[in-house]
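Let's read a new structure together, one feature at a time. Have the sequence and the 3D view ready as we talk.

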Amino acid sequence: MAVVGYCVKCKGKKEMVNPQEGVTKNNRIITKGTCPDCGTKMSLIGGLKK
């Protein structure tokens, strides 16, 4: 499943490597992963569409 997020360092939308869903402190769903080019942590507010 391809999860696309925004990389702040590369300044563009990229496909996340190893995306994982989690929950923030205020109970919002978040998806976290890493950028395939620079290795920076990426996050996407909202869950994966099923």
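**Reading the strands and the sheet**

Q: Which residue stands opposite Tyr6 in β2?
A: Tyr6 stands opposite Lys13 in β2. A word on the source: this is a predicted model, in which local features need pLDDT of at least 70 and side-chain atom pairs count only at pLDDT 80 or more, while totals for chains, interfaces and linings use all residues. Residues are numbered from 1 along each chain as its sequence is written, and side-chain values use heavy atoms, with hydrogens and water left out.

Q: How do strands β1 and β2 pair?
A: Two strands pair if DSSP finds at least two bridges between them. Here β1 (residues 4–7) and β2 (residues 12–15) are antiparallel partners over four bridges. Their hairpin has four residues between the strands, and Lys11 takes a positive phi near 60 degrees.

Q: What elements does the protein have, and in which pattern?
A: Helices (H or I, at least four residues) and strands (E, at least two) are DSSP runs, numbered from the N terminus. The protein has zero helices and five strands, giving the pattern β-β-β-β-β along the sequence.

Q: In what order do the three strands of the open sheet lie?
A: The order is β3-β4-β5, with antiparallel pairing. β3 (17–23) and β5 (41–45) are at the edges, each with a single partner strand, so one side of each has no neighbour in the sheet. From one strand to the next, the twist averages 25 degrees; axes are lines fitted to C-alpha atoms, for helices over the stretch in contact, and angles run from 0 to 180 degrees between N-to-C directions.

Q: How many bridges join β4 and β5?
A: Strand β4 (residues 29–34) pairs with β5 over five bridges, in the antiparallel sense. Thr31 stands opposite Leu44 in β5. As a general idea, side chains in a regular strand alternate between the two faces of the sheet.

Q: Is Ala2 buried or exposed?
A: Buried means under 20% relative accessible area, exposed over 50%, and partly exposed in between (1.4 Å probe, protein chains only). Ala2, in the segment before β1, is exposed, with a relative accessible area of 55%. Across the protein, 20% of the 50 residues count as buried.

Q: How far apart are Ala2 and Lys25 in sequence and in space?
A: Ala2 and Lys25 are 23 residues apart in sequence and 26 Å apart in space, C-alpha to C-alpha.
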